[in-house]
Amino acid sequence: MLRQVTREEAAARTWLARARTEREAAAFFARLSTRLDALDAHDALVELAARASADEARHATLCVELAAKLGVATEDPAPVAPRELTTGVPDSWRALAECAALSCVTESLSTVALTAMRERAERGDVRRVLHEVLRDEIDHARLGWAYVSSVQDADAKAWLGRQLPAIVDGAVTDELFSSDEEDPRMRELEGLGCLARASRREVFVAALRDVIAPGFDACGVSTEALRAGYAWL
Ligand SMILES: [Fe+2]
Ligand SMILES: [Fe+2]
């Protein structure tokens with residue numbers, strides 16, 4: 001007979017999926033650092049992106065270690081090659097869109113999500129990992145805002161504004177707004193660093209409304225297209 005998966009093991013699966021996302025983020029930031037360097041971006045930003053890459057690799061390890069403590073031991077995920085997010089535009093525009101997607105949107109979403117998970121954490125080891133990762137993700141988001149606000153090219157910024165709906169869509173999964181029934185046990189995993197769909201939806205709304213849209217406005221990037229897609233913003 002099949003043994004029932006414990007609550008801890010179910011949460012560990014989420015942490016292992018997160019480890020793969022962290023690995024991918026490490027690759028994205030390494031490439032972003034190279035691209036910003038090629039564009040003669042400020043040295044501090046190039047350095048921040050390189051440091052972000054190292055942070056993400058460490059996060060992947062933290063996730064794997066925590067999964068093992070929760071009862072699912074595996075190897076660290078292998079490094080991956082980063083996907084290309086934009087094609088057919090000048091390199092400077094591509095770097096701008098990558099910064100917006102990776103740092104401004106994804107890291108801001110993570111920051112709000114990790115804060116919500118940390119509030120719910122019921123174990124010291126889970127809380128410690130969430131806290132360490134959160135501390136770094138705040139810096140990773142800052143890197144994006146600093147770069148986007150430093151860009152002077154008005155055409156590039158106008159183009160970025162038009163890309164924002166696609167960039168935001170790319171950062172969330174379809175499942176987030178699905179009306180399918182979610183496994184009711186997801187709620188029970190919230191103390192172990194997971195968020196049920198309803199909580200993730202709240203995180204998404206709060207991050208978009210309170211951080212991401214106002215952040216782009218403050219950087220001089222139009223959020224008209226973004227707000228048109230999300231009428232409640
Ligand atoms: Fe991370
Ligand atoms: Fe990050």
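**Entry 1: α3 against α5**

I looked up how α3 (residues 91–120) packs on helix α5 (residues 154–171) in this predicted model. Their axes lie 9 Å apart at an angle of about 45°; axes are lines fitted to C-alpha atoms, for helices over the stretch in contact, and angles run from 0 to 180 degrees between N-to-C directions. α3 and α5 are therefore oblique to each other, as angles under 35 degrees count as roughly parallel, over 145 as roughly antiparallel, 65 to 115 as roughly perpendicular and the rest as oblique. Helices here are DSSP runs (H or I, at least four residues), numbered from the N terminus.

I noted the residues that meet (contact means heavy atoms within 4.5 Å). From α3 they include Trp 93, Leu 96 and Leu 109, and from α5 they include Trp 159, Leu 160 and Ile 167. By class, the contact has 13 nonpolar residues, 1 polar and 2 charged. Ala, Val, Leu, Ile, Met, Phe, Trp, Tyr, Cys and Pro count as nonpolar, Asp, Glu, Lys and Arg as charged, and the others, Gly among them, as polar.

**Entry 2: the iron site**

I checked which residues hold the iron ion (ligand 2). Donors are N, O and S atoms within 2.8 Å of the metal (3.2 Å for Na, K and Ca), and water is not among the atoms, so sites may look incomplete. The iron ion (ligand 1) is 3.5 Å from the iron ion (ligand 2), and Glu 56 coordinates both.

I then looked at burial (under 20% relative accessible area is buried, over 50% exposed, partly exposed in between; 1.4 Å probe, protein chains only). Glu 107 is buried at 3%, and Glu 137 is buried at 4%.

I found Ser 53 in helix α2 (residues 43–69). Ser 53 counts as buried because its relative accessibility is 13%. Leaving aside neighbours within four places in sequence, Ser 53 contacts Ala 26, Phe 29 and Ala 30.

Helix α1 (residues 7–38) packs on α2 at about 165°, with the axes 7 Å apart. That makes α1 roughly antiparallel to α2. The contact of α1 with α2 has 21 nonpolar, 3 polar and 5 charged residues.

**Entry 3: conventions**

I kept residue numbers from 1 along each chain as its sequence is written, with chains lettered from A and ligands numbered from 1 in the order in which they are written. In this predicted model local features need pLDDT of at least 70, side-chain atom pairs count only at pLDDT 80 or more, and totals for chains, interfaces and linings use all residues, while side-chain values use heavy atoms, with hydrogens and water left out.

Conventions
Helices (H or I, at least four residues) and strands (E, at least two) are DSSP runs, numbered from the N terminus.
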